[in-house]
Amino acid sequence: MQAGSIGGKYFDRSFQRIHDPGFEIALDDVVYGSNSFSFVSHHLDQISIIKLSLLIFDDISTGTMIQFIDA
């Protein structure tokens, strides 16, 4: 869902209505599917927990992975 579209604006309001009373929003498998980086970055102020898809770590060195985790 693209930010700025009619559906996106409706979803933005829904996310805000969940977040406002104090509920936390967690997203799983970020990077693939509907939880794309673009989607997540658009809602960063409302998302409390992000679990990245482990598939993005398949082709990187252990050192790079450790640097990513530290960051």
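**A predicted chain, its core and its contacts**

The model is predicted, with local features needing pLDDT of at least 70 and side-chain atom pairs counting only at pLDDT 80 or more, while totals for chains, interfaces and linings use all residues. Residues are numbered from 1 along each chain as its sequence is written, and side-chain values use heavy atoms, with hydrogens and water left out.

Biologist: What percentage of the residues score at least 70 in pLDDT?

Modeller: Where pLDDT is low, the predicted coordinates should not be read in detail. The average over the chain is 78. The share of residues that score at least 70 is 86%.

Biologist: Which pattern does the chain follow when read along the sequence?

Modeller: Helices (H or I, at least four residues) and strands (E, at least two) are DSSP runs, numbered from the N terminus. The chain has 3 helices and 2 strands. Along the sequence the pattern is α-β-α-β-α.

Biologist: Is Phe-15 buried or exposed?

Modeller: Buried means under 20% relative accessible area, exposed over 50%, and partly exposed in between, with a 1.4 Å probe and protein chains only. The relative accessible area of Phe-15 is 6%, so Phe-15 is buried.

Biologist: Why is the pair of Phe-15 and Phe-39 edge-to-face?

Modeller: Rings of Phe, Tyr and Trp (its six-membered ring) pair if their centres lie within 6.5 Å; planes under 30 degrees apart count as stacked, over 60 as edge-to-face and the rest as tilted. A search of the whole structure finds 1 aromatic pair. The ring centres of Phe-15 and Phe-39 are 5.9 Å apart, and the pair is edge-to-face because the planes stand at 75 degrees.

Biologist: How many residues apart are Phe-15 and Phe-39?

Modeller: Phe-39 is buried, at 10% relative accessible area. Phe-15 belongs to helix H1 and Phe-39 to helix H2, so the pair links distant parts of the chain. The two are 24 residues apart.

Biologist: With which side chain does the side chain of His-43 make a polar contact?

Modeller: His-43 is found in the loop between H2 and strand E2 (47-52), and is buried at 3% relative accessible area. Contact means heavy atoms within 4.5 Å; not counting residues up to four places away in sequence, His-43 touches Phe-11, Asp-12 and Phe-15. A polar contact is a pair of N or O atoms within 3.5 Å; within protein, one must be able to donate a hydrogen and the other to accept it, and residues adjacent in sequence count only if both atoms are side-chain atoms. At 2.7 Å, the partner is Asp-12.

Biologist: How far apart in space are Ala-26 and Gln-46, C-alpha to C-alpha?

Modeller: Ala-26 has its place in strand E1 and counts as exposed at 52% relative accessibility. Gln-46, in the loop between H2 and E2, is buried at 6%. They are 20 residues apart in sequence, and their C-alpha distance is 9.4 Å.

Biologist: What distance separates the C-alpha atoms of Val-31 and Leu-52?

Modeller: Val-31 lies in the loop between E1 and H2 and is partly exposed, at 32% relative accessibility. Leaving aside neighbours within four places in sequence, Val-31 is in contact with Ser-36, Leu-52 and Ile-56. Val-31 and Leu-52 are 21 residues apart along the chain, and their C-alpha atoms are separated by 6.6 Å.

How values were computed: pLDDT is the predictor's confidence in each residue, from 0 to 100.
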